[in-house]
Amino acid sequence: MIDFLAASIRIATPLVFAALGGILSERAGVFAVGLEGMMLMGAFGAVIGAWASASDLLGLAMALAGGAAMGLAVAIVTVRYRADNMVTGLTVNILAAGLTTYLLHVLAGSSAIQVDPLGPWPIPGLSAIPVLGPLLFAHPPLTYLALLGCAGLSFLLYRTQTGLKLRAAGENPEAVFVAGSSPMRLRFTAIICGGAIAGLGGAVLSLQQVGTFTDGMTGGRGYLALASLIVGRWNPWGAAAACLVFGAAEAFELRLQTYGVPVSSYVVQMVPYLIALAVLAGLGRSTKLPAAIGKPL
Amino acid sequence: MPKLSLVHRAGVLIAGATFVLGLAGAHPALADDKAAILLPGSINDQSWNALGYSIVKSLEPHGFKTAYSENVADADEGDALRDYASQGYSIVLGHSGRFVSAMEEVAPDFPKVQFIAVSGNEGQAPNVMSIDWNNAQFGCQLGLLSARMSKTHKVGGVYGLQGVPNITAQAGGFRVCATQAGAKVTIIYIKDMEDSAEAKEAALSLIDQGADVLTGKLNAAEAGLVEAAKDKHVYVTGRGYDQTKIAPDLVLTNILEDWPSMIGNVADQVKAGKLFGSFVQYGYNTAPVTGASFGYQPGQAFNPVVPASVVKELDTMASDFGSGKRKLVPTEHDARPGS
């Protein structure tokens, strides 16, 4: 059971970062369809940065920069040029897939890049607690950072004036104008920062979990994060809980196979996505998007 | 406030993806003995498609000019094959068994062209062939090796694409021979053979259940398998020398696929005017070209931790496959997920 819960947390961590980035973008009024591309650029930046500089910190900085760069692309096209959010997000995802493949070949040739993954940071004292210690207090650094990110974003959104303005940019941009701020600037900043945070989600996969970058390694996790933030009603803690449910579903799917259930692995592998669909369908009627989302200014 | 419009989102995504896949169709380069390969993905993926590129390039020393097409979508396979065949290419390869159907359709119109499905499992006379190495033989050896190196007598395998013949052969061979050697085998299939994070989680779940030797047949995701073994300090087998570098103490050996010899052997005969219309499978029974071999590092087949007695057993098994004393055709039941 402990192993199962620990696996759920590991699988959920990259999703949490991406969902937090998406919340920032969608709360400000721009659909976060480009999360997959932002994660992928972050995953690429993290490994290339750590490999080139032999510094994990620079790797993380590159992850932030990679995700932010994709965010910048979305921001320019959707906010400045008022393009359709969905098409722009999709295009950015395809751009990131092609760009990372090309850059990987240019930088590394045909050899695989391998760095030491980030190791666990056991919290002194707490990590020695039976059961809870290894489950909650012996994770690699980015897992703790994901939790801090939830707290930080909740504080920003609901306890600060900036958060209020940001939410207003997604609900009622005219009110932001009236208050003397620029909703366009808010959206621009939110998408770029959201991209950077989603980039850290990619870094969890590449730098924290496997120590390498492979083509398309995000494998659709950006879309699962998108579903999570909807299920979580654009609330950081709600989205994190949804990510944990999806993480648990995937951990369960892997374990279900080992029990010898007489069902094709292809069917078992659908479990997390069936859960996502069921939850989305269940919440669909009551879910309300930010009022001005997707509407150009 | 507007209601959530998931249908709209999905529609846009599907339309966009279809458009992009359409754009990614094959555009063969122009190339007298010429060979081309159609690849399902990009040659820069450091994985399956990079291998495909290296396969066609390996034909240059055999006197072939080479070309390739990347990102060939299923719907474009027939057109791409026809393009190369009508341009005078004498060998047109497709990099996976999925190209066989399209080849069988196109081949009658180009009777002098040799069509080859890399890693396929069927052919059509006179000029469509599949080439692969005998996954069952090498999977069986991995099963024996794993069972002998396990202290818990529990071993695990992580694979993708359940039901694909060469996967069934290797996973099934692994189960049959590890079980015969006294180990309990558990197999997990993952969704994506390129997803190293998913492979690592699958491997960790096997380790959680007591497995202390892991193996698998994955592409880029194989690195995740080795990372899991490194994290939990259990033995693992890899695919290519790169994996030894990740965990030199724990990687027991790697399967090294010898496509240049397999394809080169066929290409030389095609050049001499011979055509093949069958499935050609290389293994210990086709030596000196065996299609694959084991390698821990150049010049060394196994990690020094593997006892000489186990290496001797493995060599005997190879000899038995070579002489025909031992034969193995794993079933889908042998390769089933679970225990």
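Does Thr179(B) count as buried, exposed or partly exposed, and how many C-beta neighbours does Thr179(B) have inside 10 Å? The model is a predicted one. In it, Thr179(B) has 16 C-beta neighbours inside 10 Å and therefore counts as partly exposed, since a residue needs 20 or more to be buried and 12 or fewer to be exposed. Thr179(B) belongs to helix α6 of chain B, which covers residues 165-180. Along the chain, Thr179(B) is 141 residues apart from Asp320(B), and 18 Å separate the C-alpha atoms of the two.

Gln87(B) counts as partly exposed because it has 15 C-beta neighbours inside 10 Å. Tyr53(B) is 34 residues apart from Gln87(B) in sequence, and their C-alpha atoms are 20 Å apart in space.

Strand β8 of chain B, residues 213-217, gives a picture of burial: five of its five residues are buried. On one side of β8(B) are Val213(B), Thr215(B) and Lys217(B), on the other Leu214(B) and Gly216(B), and both faces are covered. The pairing of β8(B) involves two strands, β6 and β9 of chain B. Strand β6 (residues 154-160) of chain B runs parallel to β8(B), and the pair has five bridges. Within β8(B), Gly216(B) stands opposite Val158(B). The pairing of β8(B) with strand β9 (residues 235-238) of chain B is also in the parallel sense, over two bridges. There, Val213(B) has Tyr235(B) in β9(B) as its bridge partner.

Several loops of chain B hold backbone features to look at in turn. The loop between β4 (114-118) and β5 (128-133) contains Pro126(B), and the peptide bond leading from Ala125(B) to Pro126(B) is cis, with omega near 5°. Ser119(B) also lies in the loop between β4 and β5 of chain B. Ser119(B) is not a glycine, yet its phi is positive, about 70°. With 23 C-beta neighbours inside 10 Å, Ser119(B) is classed as buried.

Ser96(B) likewise has a positive phi without being a glycine, with a value near 155°. Its place is the loop between β3 (91-94) and α4 (100-106) of chain B. Because Ser96(B) has 18 C-beta neighbours inside 10 Å, it counts as partly exposed. Another cis peptide bond joins Ala287(B) to Pro288(B), with omega near 15°. Pro288(B) is found in the loop between β11 (279-282) and β12 (292-295) of chain B.

At the level of domains, chain B is assigned a domain 1, made of 7-134 + 259-286, and a domain 2, made of 135-257 + 293-323. The centres of the two domains, taken over C-alpha atoms, are 29 Å apart. Contact between them involves 12 residues of domain 1 of chain B and 13 residues of domain 2 of chain B. The side of domain 1 that touches domain 2 has four nonpolar, seven polar and one charged residues.

Chain B also touches chain A. The contact takes 45 residues from chain A and 43 residues from chain B. On the side of chain B, the elements giving two or more residues are α1 (6-23), β7 (184-190), α7 (196-208), α8 (222-232) and α9 (242-246). Of these, α7(B) supplies the largest share, nine residues. By class, the side of chain B that touches chain A has 17 nonpolar, 13 polar and 13 charged residues.

The last stop is helix α1 of chain A, residues 2-27. This helix has 26 residues and reaches 35 Å from its first C-alpha to its last, close to the 38 Å expected at 1.5 Å a residue. The axis of α1(A) bends by about 35° at Ala12(A), and Pro14(A) follows within four residues. Most of α1(A) is covered, with 21 of its 26 residues buried. After α1(A) comes Gly29(A), whose phi is positive, near 110°.

Conventions
Residues are numbered from 1 along each chain as its sequence is written. Chains are lettered from A and ligands numbered from 1 in the order in which they are written. This is a predicted model: local features need pLDDT of at least 70, side-chain atom pairs count only at pLDDT 80 or more; totals for chains, interfaces and linings use all residues. The expected span of a helix is 1.5 Å times one less than its number of residues. The bend at a residue is the angle between axes fitted to the seven residues ending there and the seven starting there. Domain bounds come from an automatic or database domain assignment. Two residues are in contact if their C-beta atoms, placed from the backbone, lie within 7 Å. Ala, Val, Leu, Ile, Met, Phe, Trp, Tyr, Cys and Pro count as nonpolar, Asp, Glu, Lys and Arg as charged, and the others, Gly among them, as polar. Two strands pair if DSSP finds at least two bridges between them.
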